[in-house]
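Some notes on this model follow. Please check them against the coordinates.

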Amino acid sequence: MNTTSLYRGSLEDASDTRPILIVPYMWIGDFVRGHTVVRVLKQRWPNRPVDLLTTSLCAPLVDYMPGVRAGVVWDLPRSRLALAKQRGLAARLRERNYGTALVLPGTWKSALAPAFAGIPERVGFFGEARFGLLNRLRWGERTLPRFIDKNASLALPDGAPIPAEWPVPQLQVTAEDIVRWRQANSLGSSPAVALAPGSVGASKRWTYYAEAARMLARQGLDVWVVGGPGEMALAAEMVAAGGAGVRNLTSNDLRNGILAMAAAGVAISNDSGLMHIAAAVGTPTMGIFGPTSPYLWAPLNGLAATVQTSTPPPCEPCQRTICTMNDHACMRTIPASDVVATATQLLAGAGPHVGH
């Protein structure tokens, strides 16, 4: 979309060159979806550099995000304040002379370092009574159910209306990057189906990846299993089920996952970080949903498909990380044949589709 319409057709002062810091959510999928904020900011202030605070895990994503000048890599513990580390981060931020910080998470801890650094303008939702830590508080977060609205609205001028559509997140991977990655992994040039069986939260994991791998491989398709160290055992099971047509490409390097999703002809994934990566690189992406809502978390590109059970249990969507009722029926009742049929349709270029 043309984001100029977000600002009633006029850009703000193009001579403003003060750097902007974004403090995003540090889960992989949320970090990717935060790129919409970058796109909105660059439309509003084309000459202000935009940096992202990032963990070591998410840092490779920054290299593929257009409009981002740099990532500030700093690992903070999730379970405690770690004031000494917060002050160390603040010292590093102070050196960069940021004029504005957009603090996306609504937690007290996420706003500490920008406040300690004395960044003049610190914008974020009210959150955990962050008076003083933020000096431009926004209200009404609970009225914005979609994650993209909560994130990107912080980049709008005060009082600007929330648009029906936002610019989608983008990760740009070059053709040369893909060729080198295929060569490094001894992969041919034929289209492949990438399967991403992992997720944060066991309840979001679909039951029949091994069966789907076998069915896709029997169609003569190359099948790649993509994920992190937590998926290595499942990847071995999928390779055993599918035979020589299935490759285990799990890795502890997120860059490998980014390039695999960019190189694939179709990606099949749980609601996970790799699903959002695949969508952001422009790969036809199929998200399998049960305990979470596609309205809130579907992959954000026009080549996306979502698959849900045709017999939803009354508890769907529960938004829980562990199933505590109905024996995981929301995911167990999505047959592999449905998923494979939708993936085959996407691989053939049939266009966007919602499967049930």
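1. Arg182 sits in helix H7, residues 175–184 (helices are DSSP runs of H or I, at least four residues; strands are runs of E, at least two; both are numbered from the N terminus). Arg182 is buried but forms no salt bridge. Buried means under 20% relative accessible area with a 1.4 Å probe, protein chains only. A salt bridge puts a side-chain nitrogen of Lys or Arg within 4 Å of a carboxyl oxygen of Asp or Glu. Asp222, the nearest side chain of opposite charge, is 6.0 Å away. Contacts of Arg182 (heavy atoms within 4.5 Å) include Trp224 and Ala263, leaving aside residues up to four places away in sequence.

2. The basis: this is a predicted model, where local features need pLDDT of at least 70 and side-chain atom pairs pLDDT 80 or more, while totals for chains, interfaces and linings use all residues. Residues are numbered from 1 along each chain as its sequence is written, and side-chain values use heavy atoms, without hydrogens and water.

3. Strand S12 (residues 304–307) is covered on both faces. Ala304 and Thr306 are buried on one side, Ala305 and Val307 on the other. In a regular strand, side chains alternate between the two faces of the sheet.

4. Strand S11 (residues 285–288) runs parallel to S12, joined by 4 bridges; pairing takes at least two DSSP bridges. Ile288 stands opposite Val307.

5. Ala329 belongs to helix H13, residues 329–332. Ala329 is buried, because its relative accessible area is 16%. Its C-alpha atom is 38 Å from that of Trp139, 190 residues apart along the chain.

Key: Buried < 20%, exposed > 50% of the residue type's maximum accessible area, 1.4 Å probe, protein only. Lys, Arg positive; Asp, Glu negative; His and termini not counted.
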